Amino acid sequence: MSLTLPAGMQINAPILPGYESILTPEALEFVAKLHRAFEPRRQELLKARVERQARIDAGEMPDFLPETKHIREGDWKVAPLPKALERRRTEITGPVEAKMIINAFNSGADSYMTDFEDSNSPKWENQIQGQINIYQAIRRELSFKNEAGKEYKLNDKIATLQIRPRGWHLDEKHVTVDGQRVSGGIFDFGLVFFHNAKEQIARGAGPFFYLPKMESHLEARLWNDIFVMAQDHIGLPQGTIKATVLIETILATFEMEEILYELRNHSAGLNAGRWDYIFSCIKKFKKNKDFCLAQRSAITMEVPFMRGYALALVQACHKRGAPAMGGMSALIPIKNDPEANEKALAGIRHDKTRDANDGFDGGWVAHPGLVAIAAEEFQKVLGDKPNQWEKQVEGKFGPEQWLDFRPTTPITEAGLRNNINVGIHYLGSWLAGNGCVPIHNLMEDAATAEISRSQVWQWVVSPKGILDDGRKVTVEMVRPMIAEELAKVKATVTAQGEDTASYDQAAVIFDKMSLTPEYPEFLTLPLYEAME
Ligand SMILES: CC(=O)SCCNC(=O)CCNC(=O)[C@H](O)C(C)(C)COP(=O)(O)OP(=O)(O)OC[C@H]1O[C@@H](n2cnc3c(N)ncnc32)[C@H](O)[C@@H]1OP(=O)(O)O
Ligand SMILES: O=CC(=O)O
Ligand SMILES: [Mg+2]
């Protein structure tokens with residue numbers, strides 16, 4: 001099948017039946033327009049990230065920006081939100097697959113973030129089929145039949161939709177304009193917005209987005225400028241788009257108010273994206289000889305730097321009249337083990353109780369089976385109020401809390417092996433087209449896998465990468481473990497009746513990413529190049 005492409009655009013990927021409904025000349029023209037207007041700035045901002053990283057590698061520590069002091073001290077609020085975004089106590093998230101979209105919409109959650117990002121493997125087919133699924137779901141035309149013949153349809157009452165495009169670092173390699181790859185985020189946003197914004201408004205909601213992995217307010221300004229052009233392009237009033245920014249990098253924490261300010265006409269608040277946040281701390285300070293976090297299981301929301309960041313996020317949001325959204329526990333319901341399941345559900349309750357008491361207006365859940373218990377915990381604190389935007393957090397937050405990177409122990413062989421096992425398992429699954437997987441009874445996605453592979457890299461490189469039995473983590477220690485954990489992963493995957501074809505390649509990539517001095521900025525970058 002061939003498409004009519006705008007001048008200067010090329011698509012180097014199969015066009016399957018149905019794709020023409022999304023890849024229309026007008027929608028692609030809009031993507032090309034956004035690309036030409038904003039790609040140079042995206043490239044500058046990505047370059048600025050590299051330069052900042054070099055300064056941090058050389059010893060510079062992040063702090064508040066002097067040039068934006070007037071914003072932090074100024075008296076301003078974000079624009080009022082539409083009714084559809086007032087109540088977000090439970091937000092379910094998940095990849096853009098038809099069955100999961102229907103299950104999430106029907107889950108009883110207040111809102112649903114459908115995800116082109118952490119939980120999605122950005123295969124061309126996933127991206128375009130995801131767009132088709134969203135288009136049909138918004139028009140209530142999406143249905144699904146599983147292999148056993150079970151039919152899935154949307155209920156009358158469904159969650160409010162929000163959509164997460166890819167982060168600034170990812171390209172859509174199959175689409176070029178004037179010989180340059182387009183940004184994954186612009187591609188995802190552009191198509192979704194062009195086809196659906198007016199339909200969403202007509203149905204009582206609106207074009208609502210989640211924006212991932214930003215490192216500065218200038219990156220938020222870029223999104224804001226894209227929104228302004230997008231609204232003009234299709235004739236919507238300015239301020240119609242609403243977007244929640246994930247604060248999931250250590251650098252963005254120092255610019256939370258500035259990010260709200262940049263997006264103040266389009267802001268739907270901030271969300272504490274805890275997994276990418278931990279990953280970002282490891283990445284930013286990877287060369288700092290004093291920095292070495294304990295193994296992943298010890299880094300909870302209760303450790304000093306995570307606690308300081310969560311409370312500061314609520315403080316910034318509520319001071320500025322914006323929602324503060326809690327992040328996601330990796331705990332999921334556990335089948336066939338009632339005791340372990342009870343423990344997991346208690347962990348979810350604990351997580352949501354803490355967030356509700358801290359002042360969050362709602363939080364994410366990974367699975368439909370968690371919506372009701374998360375809702376119960378927010379109900380206990382919020383009662384009949386849709387949110388607690390009025391709740392102010394006292395205290396002063398800054399580098400003292402955010403750079404207090406404890407605990408530094410334990411690092412155990414079990415923790416090291418777990419990182420290797422999870423890393424290989426996740427990479428293999430991602431290469432096969434699945435971006436979110438249950439591994440050892442936890443939700444694993446691109447953000448959690450980033451922690452796994454980054455910890456292995458750091459424990460090898462850092463003088464503090466020492467196991468609790470005194471052994472230094474080295475290449476010689478890790479390499480045989482990669483082979484051993486690969487065998488275990490393959491056995492698990494085979495027992496689940498799934499194909500192991502992508503796992504050898506996953507182990508090779510894991511080895512390269514964790515045992516070579518060069519540290520790839522995102523694991524998804526080499527993976528995406530390895531994928532068709
Ligand atoms: C760091 C971050 O960015 S967090 C945000 C990104 N991560 C996510 O969004 C997590 C999304 N969650 C998931 O993908 C899944 O819950 C997993 C992979 C963790 C577990 O999946 P499974 O093992 O399939 O769960 P399980 O078998 O218990 O699912 C039971 C049913 O619930 C459905 N389900 C599970 N999670 C979700 C979800 N998030 N959305 C919609 N439906 C879901 C399953 O499709 C299944 O449906 P079915 O009974 O009709 O077949
Ligand atoms: O996107 C969420 C995160 O925790 O990362
Ligand atoms: Mg994330």
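Strand β2 (residues 90-95) is mostly covered, with six of its six residues buried. Buried here means that 20 or more other C-beta atoms lie within 10 Å of the residue's own; with 12 or fewer a residue is exposed, in between it is partly exposed, and C-beta atoms are placed from the backbone. Strands (E, at least two residues) and helices (H or I, at least four residues) are DSSP runs, numbered from the N terminus. This is a predicted model: local features need pLDDT of at least 70, side-chain atom pairs count only at pLDDT 80 or more, and totals for chains, interfaces and linings use all residues. Residues are numbered from 1 along each chain as its sequence is written, while chains are lettered from A and ligands numbered from 1 in the order in which they are written.

β2 has two parallel partners to follow. Three bridges pair β2 with strand β13 (residues 362-365) in the parallel sense; two strands pair if DSSP finds at least two bridges between them. Here threonine 90 has glycine 363 of β13 as its bridge partner. Strand β3 (residues 111-115) also runs parallel to β2, joined by five bridges. Proline 95 has aspartate 115 of β3 as its bridge partner. Between β2 and β3 the chain passes through helix α3 (residues 98-105), and this β-α-β crossover is right-handed. That is, with the strands pointing away from the viewer, the path from the first strand over the helix to the second runs clockwise.

Now look at α3 itself. Its residues Met100, Ile101, Ile102, Ala104 and Phe105 are buried. The buried residues of α3 pack against β2, β3, α4 (124-138), β4 (143-145) and β5 (151-153). Contact means C-beta atoms, placed from the backbone, within 7 Å of each other.

The ligand is surrounded by 23 residues, and the closest are Thr93, Gly94, Asn103, Asp118 and Cys436. A residue is counted as near if its C-beta atom, placed from the backbone, lies within 6 Å of the molecule or strand. β2, α3 and β14 (437-439) each supply at least two residues of this shell. The largest share, four residues, comes from α3. The shell divides into 14 nonpolar, five polar and four charged residues. Ala, Val, Leu, Ile, Met, Phe, Trp, Tyr, Cys and Pro count as nonpolar, Asp, Glu, Lys and Arg as charged, and the others, Gly among them, as polar.

Ligand 1 lies between domain 1 (11-290) and domain 2 (409-530), because both give residues to its shell. Domain bounds come from an automatic or database domain assignment. The C-alpha centres of the two domains lie 27 Å apart. Their contact takes 20 residues from domain 1 and 21 residues from domain 2. On the side of domain 1 that touches domain 2, β2 and α9 (274-284) each supply at least two residues. The largest share of that side, six residues, comes from α9. Its residues divide into seven nonpolar, six polar and seven charged.

Elsewhere, look at strand β9 (residues 208-211). Both of its faces are covered: Phe208 and Tyr210 on one side and Phe209 and Leu211 on the other are all buried. Four bridges join β9 to the parallel strand β10 (residues 242-247). Tyrosine 210 stands opposite threonine 244 in β10. The chain crosses from β9 to β10 through helix α6 (residues 217-234), and this β-α-β crossover is right-handed.

Conventions. Two residues are in contact if their C-beta atoms, placed from the backbone, lie within 7 Å.
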